[in-house]
Amino acid sequence: QHFDKVVGLDVSPSMVESAQRIHQGVDGLEFVTNVRGDLAVLAADSFDFVYSSKVLQHLPEPEVAKTYIAEFIRVLKPGGIARFQIPVHTGMRRFANRRAADVALRRLGLSAAFLALRI
């Protein structure tokens with residue numbers, strides 16, 4: 001209802017097939033299987049909103065979660081919003097505000113110039 005197009009991503013082909021079957025005939029939905037350790041299947045600067053729930057805590061290593069967080073930012077259009085959970089075991093904490101988010105994302109290796117365009 002809030003977006004013209006929504007892309008759902010999952011590592012499981014059967015989950016993607018199930019989503020396609022359940023939402024058959026609904027305009028503006030696309031479901032993609034992604035087995036890579038990044039989001040290269042998605043173009044940079046192409047999304048207004050990225051949402052990830054209960055995903056990062058299931059990744060095998062904190063570095064993989066950091067890669068995905070950087071990818072969330074990469075695929076966002078300038079001014080876009082990313083909403084995601086951070087697993088406790090990575091040593092990171094919830095972002096209380098924009099400054100805390102900036103500091104945490106800089107620690108992930110994202111440059112100040114890159115972040116200035118996005119947060």
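Tyr-51 is found in strand β3 (strands are DSSP E runs of at least two residues and helices are H or I runs of at least four, numbered from the N terminus). The model is predicted, so local features need pLDDT of at least 70 and side-chain atom pairs pLDDT 80 or more, whereas totals for chains, interfaces and linings use all residues. Residues are numbered from 1 along each chain as its sequence is written, and side-chain values use heavy atoms, without hydrogens or water.

With a relative accessible area of 55%, Tyr-51 is exposed (buried is under 20%, exposed over 50%, partly exposed in between, with a 1.4 Å probe and protein chains only). Across the protein, 30% of the 119 residues count as buried.

Strand β3, residues 47–52, is one of the elements that each supply at least two residues to the lining of the largest pocket (an open set of 1 Å grid points, where a 1.4 Å probe fits, with protein on both sides within 12 Å along at least five of seven lines; lining residues have an atom within 4 Å of a point). The contribution of β3, six residues, is the greatest to this lining. The other elements supplying at least two residues are β1 (6–10), α1 (13–22), β2 (29–33) and α2 (62–75). Of the 34 lining residues, Tyr-51 is among those nearest the centre of the pocket, together with Val-7, Gly-8, Leu-9 and Ser-52.

Glu-30 pairs with Lys-5, their closest N and O atoms being 3.1 Å apart. Because Glu-30 lies in strand β2 and Lys-5 in the segment before β1, this pair ties together parts 25 residues apart in sequence. Glu-30 is partly exposed at 34%, while Lys-5 is exposed at 54%.

In helix α2, Glu-71 and Arg-74 are three residues apart, about one helical turn, and their side chains meet at 2.8 Å, N to O. Glu-71 is buried at 11% relative accessibility, whereas Arg-74 is partly exposed at 22%.

Note on methods:
Salt bridge = Lys/Arg side-chain N within 4 Å of Asp/Glu carboxyl O.
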